[in-house]
Amino acid sequence: MRMSTRFIREDIDPTTGAVTYPIYQTSAFLLPMGEKYRYSRELNPTTEQLAEKVSAIEGTEAGTAFSSGMGAITSTLLSLVSPGSRILVGRDVFARTYRFISGFLSKWGVNVDVADPGSENILGKIREDTDLIIIEGLTNPILRVNNIPEISRKAKEAGAILAVDSTFATPVNQRPATMGADIVIHSASKFLSGHNDVIAGIAAGKKEYIRKIDDMRRNLGSSLDPHAAYLVLRGIKTLKVRMDAINKSAFMIAKYLEESGKIKRVIYPGLESHPDHDTARQIMDGFGGVVSFEVEGSEKDALELIGKLDLITSANTLGGVNSTISHPKTMSHRGLNDDERKLTGISDNLLRLSVGLEDPEDLINDLNGAIL
């Protein structure tokens with residue numbers, strides 16, 4: 001089955017024959033009618049359908065759904081490491097992922113190693129006693145493209161589990177499990193659902209790991225509401241066509257910004273100027289829907305540019321059909337201190353643009369008017 005068909009394919013509800021999988025909006029199920037479904041925090045048919053769908057798309061053995069992307073991250077980590085374990089994290093992951101590892105797990109007795117941005121730095125930090133490596137395939141917000149096949153190869157040599165947050169890449173552009181990752185994580189609030197109307201998370205991977213992660217989900221209570229699961233399922237049906245259009249528009253906008261001479265630096269994997277452009281061409285089917293760029297001047301200039309935009313919305317999110325822009329220092333990565341942001345590559349004048357489905361010429365006109 002081709003990839004575009006997998007996104008559309010949906011199980012027929014076995015009870016009613018409904019061609020759109022229903023929302024099982026119930027807290028509990030009749031016993032002893034069956035042992036599989038008891039209580040929706042444990043397992044719900046709609047959330048189970050979502051987990052199975054993402055697992056199939058990613059090419060993994062199993063999956064489980066969460067009430068948020070951070071629920072997926074924390075449950076994964078808490079189920080696979082323990083006091084005395086050694087974890088390696090890429091410094092340029094989402095700020096709350098980094099803070100959970102460096103600020104909580106380290107106090108819990110987990111040994112934490114941090115790799116600066118770039119595959120070479122991650123590879124150089126893998127030790128013989130590394131137990132788990134967590135990276136982003138396409139990092140937030142500096143858009144480094146990590147060489148998953150190489151990192152996976154060295155992780156296996158060390159006997160380490162490799163978890164990849166693939167939120168920015170999406171399974172349209174990259175499927176980490178096919179390149180050796182053991183676990184793939186998504187903030188399904190972003191491109192998977194695609195409409196800025198739901199909070200959800202997914203972890204998919206090898207059964208032996210997902211079984212532990214799912215048990216931790218049940219213990220922590222970070223279970224996904226069935227209506228939210230339904231919204232993500234609906235969004236996934238259009239993921240391929242959305243990302244095809246978004247990839248094209250983002251590349252067009254990135255080229256315009258770079259060639260305009262009005263922007264200090266444009267960061268986008270599809271540009272030859274990107275440090276990981278060759279890697280991106282080798283392991284990605286598309287370059288993604290996020291364009292980061294540094295404006296000339298200071299933080300004040302960056303915030304003033306945002307204020308001049310009319311079509312593009314300032315918001316602390318991404319991945320929707322409508323374009324949004326954010327200032328990482330004061331928004332998504334406000335939890336990092338100045339030194340941490342500097343080491344990550346997040347400057348005061350960096351902006352992160354999530355390209356939506358508006359006409360790209362309209363977006364360019366909006367940006368052009370704000371930059372003048």
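Q: What classes do the residues lining the largest pocket divide into?
A: In this predicted model, that lining divides into 12 polar, nine nonpolar and eight charged residues.

Q: What volume does the largest pocket have?
A: Its volume is about 610 Å³.

Q: And which residues are the closest to its centre?
A: Those are M70, F94, S187, K190 and N316, out of the 29 residues that line the largest pocket.

Q: Which helix gives the most to that lining?
A: Helix α4 does, with four residues. Both α3, which covers 69-80, and α4, which covers 95-105, supply at least two residues each.

Q: OK, on to the second largest pocket. What is its volume?
A: The second largest pocket comes to about 360 Å³.

Q: How many residues line the second largest pocket, and which lie nearest its centre?
A: It has 15 lining residues, and T15, Y24, F29, Y37 and P45 are the ones nearest the centre.

Q: How does that lining split by class?
A: Eight of the lining residues of the second largest pocket are nonpolar, four are charged and three are polar.

Q: Is T170 buried or exposed?
A: T170 is buried, because its relative accessibility is 0% and the cut-off for buried is under 20%.

Q: What does T170 touch?
A: Leaving out residues up to four places away in sequence, T170 touches H186, F191 and M243.

Definitions and conventions. Residues are numbered from 1 along each chain as its sequence is written. This is a predicted model: local features need pLDDT of at least 70, side-chain atom pairs count only at pLDDT 80 or more; totals for chains, interfaces and linings use all residues. Side-chain values use heavy atoms; hydrogens and water are left out. On a 1 Å grid over the protein atoms alone, a cavity is a set of points where a 1.4 Å probe fits but cannot get out, and a pocket is an open set with protein on both sides within 12 Å along at least five of seven lines; lining residues have an atom within 4 Å of a point. Grid points are joined across faces, edges and corners, and a volume is the space filled by probe spheres set on the points. Ala, Val, Leu, Ile, Met, Phe, Trp, Tyr, Cys and Pro count as nonpolar, Asp, Glu, Lys and Arg as charged, and the others, Gly among them, as polar. Buried means under 20% relative accessible area, exposed over 50%, partly exposed in between (1.4 Å probe, protein chains only). Contact means heavy atoms within 4.5 Å.
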